[in-house]
2 protein chains.
Amino acid sequence: MTKKDLLQGYMIAPNPDGVNLTKTVEGLDHFGNTVVSQVIEEKPLTIYLNSQEIVTAMTIGDYPEYLALGFLRNQGMLDGLNTVSSVDYDEDLSVVVVRTKTETSFEDKLKKKTRTSGCAVGTVFGDMMEGLEGLKLPASSLRISWLYDLSNKINQTPSLYLAAGAIHGTVLCEQNQALVYMEDVGRHNAVDKIAGWMASNDVSGSDKILYTTGRLTSEMVIKTAQMGIPILVSRSGFTAWGVEIAHKVGLTLIGRMRGQRFTCLAGSNRLIWDVGDENGDDE
Amino acid sequence: MTKKDLLQGYMIAPNPDGVNLTKTVEGLDHFGNTVVSQVIEEKPLTIYLNSQEIVTAMTIGDYPEYLALGFLRNQGMLDGLNTVSSVDYDEDLSVVVVRTKTETSFEDKLKKKTRTSGCAVGTVFGDMMEGLEGLKLPASSLRISWLYDLSNKINQTPSLYLAAGAIHGTVLCEQNQALVYMEDVGRHNAVDKIAGWMASNDVSGSDKILYTTGRLTSEMVIKTAQMGIPILVSRSGFTAWGVEIAHKVGLTLIGRMRGQRFTCLAGSNRLIWDVGDENGDDE
């Protein structure tokens, strides 16, 4: 595929030449020769909900507004986009403030919560699980041919990953088309940026597929379910709890996607086997 | 190497057959055939410092006492092992309580802190950076031949990674010998378990090398420096801030270690080039 073909159809593609997303650093290679390496930026970004400081995320720094909005939504701290009145990013302070028309119930809850639970590694987990109660993801289908098209295209799309490594990617897809490809040092940030983009553009998850380079942990499965996306695909592996939650919410979970190979450990009822055996053994 | 050779010299080796560390799950492969997959466990573990709840970590669940102790030390919440009076793990409650002889200054600090800063993604970052002020890691040396021996041995050692994937490993090494190999779903947990083991056994980091499968982010570099280990090696890549902090504290940072290849982006003064050119071009 040409570069033009690879970028065709994307609403947001990765930005491997983006200013301030990578840095060149001098070092030595294994022969002891001087080399100049391209490495990923990693910067703190503090997210506020109205006057309440919520979290400091380590991020590459692109799309801070989407990251903040998506993080708060995936944490269950925002009920819907209708309540958000503004999202302001201050580059000098590395701060994003998400304001809502009326104070959310979460601000009080958080003040109470942090007194007892201190700080959470990864995420404010209890509240994420709370939002899943009774959630059943909608019916949809996934053609195996779409899966192969997507994997092939995403792996070849010019990205920070191909340029500098040490970064995760998450891609929002519909049928065999990759739509929004976000990258970040934390795989949860890449997903949150997609959630923020979806919320800002009023995009439904029900007919989408989420592709990630990262592992299929409980956190990834929960975020995908929160976004209303019924299908999650990764080139990496699974955790037992990720699989368990996927079953609970009716999410299709596909991992270890390499070439034409993959493993589906939940929701295989959505799969449509439209690819012949001859495509199944290329490795 | 035979399995016996591979395990020779380890004080703690991975436990790929460990009960409750993996689970078998039924699913479909890419042909639509039923497969039984081995996947990694992922469970919450809540860490208390005296009566203060500090964090809930997502972990595979082995060595909870080392994880708790190492986490608190790496966060700068414990001054030294001498203050710890007990470490108690309650399996039913998934709780570890680390008790100190007298209340630490941190408990009050944390209560104050969380009221303003809410919850932190990943780590209580501010405090980790605080502990680095004025830190200079000790002089030591790293033979390139050790690096190749370690990488070769670690990659072949039977592990949860080889059995089920979706897991990170961190290995404490001395010269060309791998001593303690910890694995966990979060790479920060694997490092914290090593820190806990070092504290419990009064082991100094000054003559050690830390090998990790994960990326060389700021968090990994800070933890390694907190542990007093002057050399950090990874098969994965770098972030710019990780490289910057390594320069600041005088840490040797080697990444992208594959076969005989690697890149050193900080502290190359410790390297001793004892391997001829003939070993440098095997790929």
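**Domain contact, helix packing and strand pairing**

The domain assignment divides chain A into domain 1, covering 43–130, and domain 2, covering 142–279. The model is predicted. Chain A holds nine helices and 14 strands. Of its 283 residues, 51% count as buried. Among the contacts in chain A between residues at least 6 apart in sequence, 56% join residues at least 24 apart.

The two domains of chain A touch through 19 residues of domain 1 and 19 residues of domain 2. On the domain 1 side, the elements that supply two or more residues are strand S4 (52–59), helix H2 (64–74) and helix H4 (125–130) of chain A. H2(A) gives the most to this side, with nine residues. By residue class, the domain 1 side that touches domain 2 of chain A consists of 12 nonpolar, five polar and two charged residues.

A helix pair was examined next. Two packed helices are described by the angle between their axes and the distance between the axes. For helix H7 (residues 187–200) and helix H8 (residues 218–226) of chain A, the axes come within 11 Å and cross at roughly 0 degrees. Angles under 35 degrees count as roughly parallel, and H7(A) and H8(A) are therefore roughly parallel to each other. H7(A) contributes A:Arg187, A:His188 and A:Val191 to the contact, and H8(A) contributes A:Glu219, A:Met220 and A:Lys223. These contact residues divide into two nonpolar, one polar and three charged.

H8(A) is largely enclosed by the rest of the structure, because nine of its nine residues are buried. The buried residues of H8(A) include the contact residues A:Glu219, A:Met220 and A:Lys223. Also buried in H8(A) are A:Ser218, A:Val221, A:Ile222, A:Thr224, A:Ala225 and A:Gln226. Just after H8(A), A:Gly228 adopts a positive phi of about 75 degrees.

Strand pairing was considered in both chains. Strands of a sheet pair through backbone hydrogen bonds, either parallel or antiparallel. In chain A, strand S8 (residues 168–174) and strand S9 (residues 177–184) are antiparallel and pair over seven bridges. Within this pairing, A:Val171 has A:Tyr181 of S9(A) as its bridge partner. The hairpin of S8(A) and S9(A) has two residues between the strands, and A:Gln175 in this hairpin takes a positive phi near 50 degrees. S9(A) is mostly covered, with six of its eight residues buried.

In chain B, four strands form an open sheet with mixed pairing, in the order S4-S3-S6-S5. Strand S3 (residues 43–49) of chain B runs antiparallel to S4(B), and seven bridges join the two. B:Thr46 stands opposite B:Thr56 of S4(B).

Methods
Residues are numbered from 1 along each chain as its sequence is written. Chains are lettered from A and ligands numbered from 1 in the order in which they are written. This is a predicted model: local features need pLDDT of at least 70, side-chain atom pairs count only at pLDDT 80 or more; totals for chains, interfaces and linings use all residues. Domain bounds come from an automatic or database domain assignment. Two residues are in contact if their C-beta atoms, placed from the backbone, lie within 7 Å. Ala, Val, Leu, Ile, Met, Phe, Trp, Tyr, Cys and Pro count as nonpolar, Asp, Glu, Lys and Arg as charged, and the others, Gly among them, as polar. A residue is buried if 20 or more other C-beta atoms lie within 10 Å of its own, exposed if 12 or fewer, and partly exposed in between; C-beta atoms are placed from the backbone. Axes are lines fitted to C-alpha atoms, for helices over the stretch in contact, and angles run from 0 to 180 degrees between N-to-C directions. Angles under 35 degrees count as roughly parallel, over 145 as roughly antiparallel, 65 to 115 as roughly perpendicular and the rest as oblique. Two strands pair if DSSP finds at least two bridges between them.
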